[in-house]
Amino acid sequence: MDNSYLPLYANEGKLEEIPLPVLLAYLLEKKSCGMLHLEAQGAKSWIYFIEGLPAGVHSPKSQTFLGAVLREMRLIDDAAYHESLMAMAETKQLQGEILLAMNKITEEQLERALSVQLARKLARLFGQKKGSFHFQADAILPPPMEAIRVNPFALIYNGIKNVYQQDDLKRGLAILVGKACKIADSQKERLTLFDFSAEDELVVAQLDQFRLPQDLARAATVGPTAVMMLLQTMLYCGLLEIVSAKRAVPLAPSAPPVAAKKKPPAQPRSAPTQKAAPAAKARIPAALQRELERKSQQIQAGDPWQLLDLNRGASAPEIKKSFLLLAKKFHPDLFTDVGDAAFQQQVQGVFAALNEAQALLSDAGQRARIEREDAADHGSADRHPAEARIEFERALIALRRRDLAGATEGFRRAANLDATNGDYAAYRIWVEYLCLDAAERKKQGTQIKDMFISLSKAHQKSFYALRFLAAVCKETGDSENYFKALRLAYRLNPDDIEVSRELRLFRIRQEKEKNGGWIKKKLSRK
């Protein structure tokens with residue numbers, strides 16, 4: 001989180017100096033566990049955090065009954081709602097417990113409703129803009145409440161949208177007056193965590209072109225207030241990179257000077273051999289030349305992911321697609337008529353480097369080695385475990401719904417946000433394997449198996465790297481590695497029912513084969 005333009009964090013202070021959204025972003029970045037106490041307008045509230053994620057809230061002024069949330073979500077009808085209210089008054093039980101006992105809702109529905117209820121209570125606290133706060137580390141969530149973690153990024157955005165007024169936005173965005181801004185490259189992965197609407201995503205994308213806030217507000221179709229809310233959210237969460245207005249990208253290429261237009265008629269007529277060289281140089285577009293220089297610098301950096309314009313953890317189809325697009329752009333045959341030897345040599349060098357990078361990342365063993373080196377060199381510096389966990393949970397939901405494309409993307413983002421967690425990468429490879437048809441699975445089974453073997457060696461505590469390795473070995477008929485992977489997975493997680501069952505069945509089959517073989521030999525001797 002780039003918080004150089006935000007106030008320094010403190011465990012206690014005034015909400016006027018460190019607004020609640022900024023506190024939420026700070027506590028998430030610090031992966032804090034404990035209780036944030038708030039006192040404003042004579043009322044005391046608190047928010048409970050687990051690893052930086054809001055997981056509980058108490059606000060005396062926020063009366064949001066769980067039954068009302070369930071009714072709005074159309075999970076219960078009016079009769080069940082009123083019946084549960086009467087039971088609450090008689091038994092003093094929690095409304096969720098009563099509705100569960102009445103068989104009106106399932107545990108999954110209850111968890112969804114509790115998450116919505118928590119998010120609503122938290123959003124109302126955004127109205128506390130004046131008051132005091134202090135954070136109590138390692139505090140315990142008081143009973144009878146249960147921890148229900150919510151996405152803090154979406155919470156901050158919705159809180160600002162629902163509570164902040166024009167004056168609040170102007171005060172918060174004062175830092176951008178006379179400045180340009182853009183999404184920091186290191187923070188772009190976090191944008192998916194905000195649950196932006198399609199219109200909001202379009203505004204965020206326009207920020208690459210209209211870096212002055214006033215230009216962005218004029219260009220966007222959602223209106224200036226909505227743009228200010230988006231900018232306020234990204235500013236508070238440390239996603240913006242603020243620069244001088246002089247460095248802002250212009251809205252369109254500047255027009256050539258008048259003198260330049262008058263030059264061609266004034267040039268003396270020259271022989272065809274004399275104007276051949278300038279004509280050849282004119283065939284090289286300026287944008288392509290800049291792109292070629294950028295690729296040459298990336299070759300020096302030695303990063304194959306960057307050279308292929310890919311995020312770390314990209315899938316095999318993404319690698320192939322990006323390579324083909326770049327190869328089409330930089331193929332040397334496209335520039336055979338350019339009479340510039342240095343340019344042709346540079347193109348050939350870039351094309352050769354693209355081929356090498358694609359071959360490197362397509363090889364399971366080489367890719368695993370690169371990922372291990374990345375995890376060792378950058379894992380501790382670039383880790384965002386809390387955000388990675390959110391992406392991982394979302395991807396698991398997509399996988400349960402058989403949305404393999406959404407699951408693949410979610411696991412990829414989780415692996416990028418926390419490269420030290422081998423389970424995220426294991427799920428990414430596994431879902432890519434599930435996307436293949438039977439013929440492709442058979443063809444690529446050995447390669448996928450090698451990727452899991454390399455991953456399990458790099459992340460020796462990754463249960464799912466071994467679990468999925470066992471599944472692939474079973475499909476490919478590699479019984480020896482299947483048993484080894486099962487046994488190692490069982491050591492990491494002996495409580496996993498599926499692994500325990502498969503290990504027991506495998507041993508039973510081994511015992512039957514052993515006994516059967518002995519009986520057959522004995523009968524053959526007779």
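Predicted model: local features only at pLDDT ≥ 70, side-chain atom pairs only at ≥ 80, totals over all residues.
Two strands count as paired if DSSP finds at least two bridges between them. Within E5, Ser-132 sits opposite Glu-39.

Zooming out, the sheet is an open one of 5 strands, ordered E1-E5-E2-E3-E4, with antiparallel pairing. The edges go to strand E1 (12-14) and strand E4 (53-58); each has a single partner strand, so one side of each has no neighbour in the sheet. From one strand to the next, the twist averages 20°. Helix H5 (residues 107-124) lies across strand E3 (43-50) and E4, and runs at about 75° to E4.

On to the packing. Nonpolar side chains tend to be buried together in soluble globular proteins. Here the largest nonpolar core takes in 61 residues, and Leu-36, Ile-47, Leu-231, Met-234 and Leu-240 have the most contacts inside it. Setting aside neighbours within four places in sequence, Leu-36 touches residues including Leu-20, Leu-23, Leu-27, Ile-47, Phe-49, Phe-133 and Phe-135. Another core, of 42 residues, lies apart from that one, with Leu-417, Leu-466, Phe-468 and Ala-471 among its members.

Helix H6 (residues 152-163) passes a simple length check: at 1.5 Å a residue its 12 residues should span 16 Å, which agrees with end C-alpha atoms 16 Å apart. H6 is also mostly covered, with 9 of its 12 residues buried; among them are Pro-152, Phe-153, Tyr-157 and Val-163. Its N-terminal end is capped by Asn-151, which places a side-chain oxygen 3.0 Å from the backbone nitrogen of Phe-153.

Methods:
Residues numbered from 1 in each chain as written. Heavy atoms only, no water. Helix = DSSP H or I, 4+ residues; strand = E, 2+ residues; numbered from the N terminus. Axes fitted to C-alpha atoms, helices over the stretch in contact; angles between N-to-C directions. Contact = heavy atoms within 4.5 Å. Core = buried A, V, L, I, M, F, W, Y, C linked by side-chain atoms within 4.5 Å. Buried < 20%, exposed > 50% of the residue type's maximum accessible area, 1.4 Å probe, protein only. Expected span 1.5 Å × (residues − 1). Polar contact = N/O pair within 3.5 Å; in protein donor to acceptor, adjacent residues only side chain to side chain.
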